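Reader: I'm new to reading protein models. Could you walk me through this one, step by step?
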Amino acid sequence: AAPAPFLCLLVKLLQLGPDDEVALELVRQPRFKYITALAVLYWRLVARSPLVYRELEPVLADFRKLNICWDDRESPELVYMDQWVEILLVQNDVLGLKLPRLQSRSVLESTRQLGAYCSLLSDAEQQVLLAQSTALEEKSGSKQCQDELPTTPPTTPPIAPPTTPPIAPPTMPPSKRFKHSAEDFNNGPQSSAKEPDENSIEYWNKMREKLGLRPLKE
């Protein structure tokens, strides 16, 4: 049977032997998913173990779909890009090819050729847990603030004092109210003593008394 076009491209790429920068650019480009799948397989074949882990682990965050034929007698199988990369990192026989032996990651970490692995899934889980804890803290803080607020007793409307009707002044009967006539008010109060006659000696004695003269003799 004729070889698959995917393997033919892999052989051509091995013949060309591009620089590491070119090969990594093919791995990192986000446009063509089958070029990325071909480039990660090429990098798995030619690169050293620390570089394989360092450059292929970020591709585990790629979830594009691939159709891969594992055998000519089988139909294409749906595989995600992260699954394809994990197969290359775990298995030594892929598509009938014997891959170079890959050192264990724990050994590379112990020899300080690689740093500790930080899973993208664990980062996402940490972000979710952080968001949940922040929401719980905000909720508990708002509840605590509500509990600390002073409770004011219900205010009752002020009770108005009972109003008493104004006491009207006592009214006099009409007979006593208008006892004095207008003539009495115009003339003023009248003395009980009667004024003496002008022709009498008593009258002139009073006049003379006012002038400082001696009274007349009767």
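Reader: Okay, which element gives the most to the lining of the largest pocket?

Author: Before we start, keep in mind that this is a predicted model. Now the general idea: rolling a probe the size of a water molecule over the atoms shows where empty space is left. Here, strand 1 gives the most to the lining of the largest pocket, with three residues.

Reader: What volume does the largest pocket have, and how many residues line it?

Author: The volume of the largest pocket is about 330 Å³. Its lining has 16 residues, and those nearest the centre are Ala4, Phe6, Ile68, Cys69 and Leu95. Helix 1 (5-16), helix 3 and strand 1 (65-68) are the elements that give two or more residues to that lining.

Reader: How does the lining of the largest pocket divide into nonpolar, polar and charged residues?

Author: You'd count 13 nonpolar, one polar and two charged residues in that lining.

Reader: Let's move on to helices. At what angle do helix 1 and helix 3 pack?

Author: The general idea first: two packed helices are described by the angle between their axes and the distance between the axes. In this model, the angle between helix 1 and helix 3 is about 50 degrees, and their axes are 10 Å apart. Angles between 35 and 65 degrees fall in the oblique range, so helix 1 is oblique to helix 3. The crossing of this pair is right-handed.

Reader: Which residues make the contact between helix 1 and helix 3?

Author: From helix 1 you have Phe6, Leu9, Leu10, Leu13 and Leu14, and from helix 3 there are Tyr34, Ala37, Leu38, Leu41, Tyr42, Leu45 and Val46. By class, this contact of helix 1 with helix 3 has twelve nonpolar, no polar and no charged residues.

Reader: How do helix 2 and helix 3 cross?

Author: Read this pair the same way. The axes of helix 2 (residues 20-28) and helix 3 come within 7 Å, crossing at roughly 135 degrees. That angle makes helix 2 oblique to helix 3. This time the crossing is left-handed. On the helix 2 side, Asp20, Ala23, Leu24, Leu26 and Val27 meet Ile35, Thr36, Ala39, Val40, Tyr42 and Trp43 of helix 3. The contact of helix 2 with helix 3 divides into nine nonpolar, one polar and one charged residues.

Reader: And is helix 3 roughly parallel or roughly antiparallel to helix 4?

Author: Start with the angle: the axes of helix 3 (residues 33-46) and helix 4 (residues 49-56) cross at roughly 160 degrees and come within 8 Å. Because an angle over 145 degrees counts as roughly antiparallel, helix 3 is roughly antiparallel to helix 4. Helix 3 passes helix 4 in a left-handed crossing. Val40, Trp43 and Arg44 of helix 3 meet Leu51, Val52, Glu55 and Leu56 of helix 4. Among the residues of this contact, five are nonpolar, none polar and two charged.

Reader: One last thing: where is Asp82, and which residues does Asp82 touch?

Author: Asp82 sits in helix 5 (residues 81-90). Leaving out residues up to four places away in sequence, Asp82 touches Val59, Leu60, Asp62 and Phe63.

Terms used. Residues numbered from 1 in each chain as written. Predicted model: local features only at pLDDT ≥ 70, side-chain atom pairs only at ≥ 80, totals over all residues. Heavy atoms only, no water. Axes fitted to C-alpha atoms, helices over the stretch in contact; angles between N-to-C directions. Helix = DSSP H or I, 4+ residues; strand = E, 2+ residues; numbered from the N terminus. Parallel < 35°, antiparallel > 145°, perpendicular 65-115°, else oblique. Left-handed = near helix turned anticlockwise from the far one by under 90°. Contact = heavy atoms within 4.5 Å. Nonpolar A, V, L, I, M, F, W, Y, C, P; charged D, E, K, R; others polar. 1 Å grid on protein atoms, 1.4 Å probe; cavity = no way out; pocket = protein on both sides within 12 Å on 5 of 7 lines; lining within 4 Å. Points joined across faces, edges and corners; volume = space filled by probe spheres on them.
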